[in-house]
Amino acid sequence: MPPLFSMKTPLHEALRQVRDLQSAILEKQRFKGYSGRARALAGCLALAAALLLDSAFVPPTPLAHLVAWTIVFAGGLTLNYGALIYWFLHDPDVARDVRRLRPALEIIPVLIAGGILTLALVDHGEYNLLFGTWMVLFGLTNFTARQVLPRGLAWVGLFYLACGAVCLLAWPNLSFTDYPLVMGGVFFLGEFFGGLVLHNDESPLPSLRAFFGLPGPPRAESEDINL
């Protein structure tokens with residue numbers, strides 16, 4: 001009678017093949033259209049805008065700050081969706097199939113809702129609630145199409161939701177014009193680390209050096225040993 005472990009070997013091999021097949025299918029379904037570097041750059045743009053708004057170069061009026069944050073939002077969209085369009089047009093695996101853009105399109109309703117809420121709050125003069133509202137909405141965008149995006153983005157979404165909850169519930173009187181660094185700091189951290197998650201998912205050799213476009217450390221050349 002053959003040993004028990006030898007009887008299990010064919011079953012284990014079949015299960016391994018099934019797991020490999022599932023991993024291959026999931027990897028093929030993974031959405032690769034977002035650029036980690038573009039997202040991180042958008043976070044740097046938000047931080048730079050916050051530093052500018054915190055200086056004396058911009059008048060401390062709600063309108064001036066609202067215009068500045070609108071420019072930041074437009075710049076972030078241009079960076080991220082510009083990279084998305086480039087991926088769609090040049091990636092041979094996509095073959096310009098519009099259906100491959102579905103995960104990116106699922107974020108549009110959240111953006112529209114954000115625009116409506118922003119207009120409503122501005123119309124009622126509730127500028128101090130804008131930061132928290134924007135953070136919560138950006139948190140929700142990290143959960144859209146989560147089946148085909150890296151799991152690490154869920155933690156970025158939770159970070160945004162937590163920061164938004166603090167601003168809306170624990171700090172509802174957060175001044176829209178006096179504390180731009182709160183907004184800039186949260187969005188810098190969220191977008192920068194979200195970019196790292198995306199980059200590590202799309203790069204075959206993920207590293208912080210590669211994320212910044214720096215060459216990797218030189219490999220030590222093996223020396224021939226003559227015996």
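How near do the axes of helix 2 and helix 3 come, and at what angle do they cross? In this predicted model, where local features need pLDDT of at least 70, side-chain atom pairs count only at pLDDT 80 or more, and totals for chains, interfaces and linings use all residues, the two axes come within 9 Å and cross at roughly 165°. Residues are numbered from 1 along each chain as its sequence is written, and side-chain values use heavy atoms, with hydrogens and water left out. Helices here are DSSP runs of H or I with at least four residues, numbered from the N terminus. Axes are lines fitted to C-alpha atoms over the stretch in contact, with angles from 0 to 180 degrees between N-to-C directions. The crossing of roughly 165° makes helix 2 roughly antiparallel to helix 3, a label for angles over 145 degrees. Helix 2 passes helix 3 in a right-handed crossing, that is, with the near helix turned clockwise from the far one by less than a right angle.

Helix 3 covers residues 62-90. Its 29 residues reach 42 Å from the first C-alpha to the last, close to the 42 Å expected at 1.5 Å a residue; the expected span is 1.5 Å times one less than the number of residues. Among its buried residues are His65, Trp69, Asn80, Trp87 and Phe88, where buried means under 20% relative accessible area, exposed over 50% and partly exposed in between, with a 1.4 Å probe and protein chains only.

The same kind of check works for helix 7: its 19 residues (152-170) should span 27 Å, and the end C-alpha atoms are 27 Å apart, which agrees. Its buried residues are Leu153, Val156, Gly157, Tyr160, Cys163, Gly164 and Cys167. They cover an arc of only 130° around the axis, which puts them on the same side of helix 7; the arc is that of the directions from the helix axis to the C-beta atoms. An α-helix has 3.6 residues a turn, so residues three or four places apart point the same way. On the face of helix 7 turned away from the buried side sit the exposed residues Trp155, Leu169 and Ala170.

Now for the charged pairs. Searching the whole structure turns up three salt bridges, each a side-chain nitrogen of Lys or Arg within 4 Å of a carboxyl oxygen of Asp or Glu. One joins Asp201 and Lys32 at 3.3 Å, N to O. Asp201 lies in helix 8 (residues 180-202) and Lys32 in the loop between helix 1 (4-29) and helix 2 (36-53), so this pair ties together parts 169 residues apart in sequence. Asp201 is partly exposed at 23% relative accessibility, and Lys32 is partly exposed at 25%. Another salt bridge pairs Arg39 with Glu191 at 3.2 Å, N to O. This pair links distant parts of the chain, with Arg39 in helix 2 and Glu191 in helix 8, 152 residues apart. Arg39 is buried at 10%, and Glu191 is buried at 9%. Arg99 and Asp97 make a salt bridge at 3.0 Å, N to O; Arg99 is exposed at 61%, whereas Asp97 is partly exposed at 23%.

Key. Helix = DSSP H or I, 4+ residues; strand = E, 2+ residues; numbered from the N terminus. Parallel < 35°, antiparallel > 145°, perpendicular 65-115°, else oblique.
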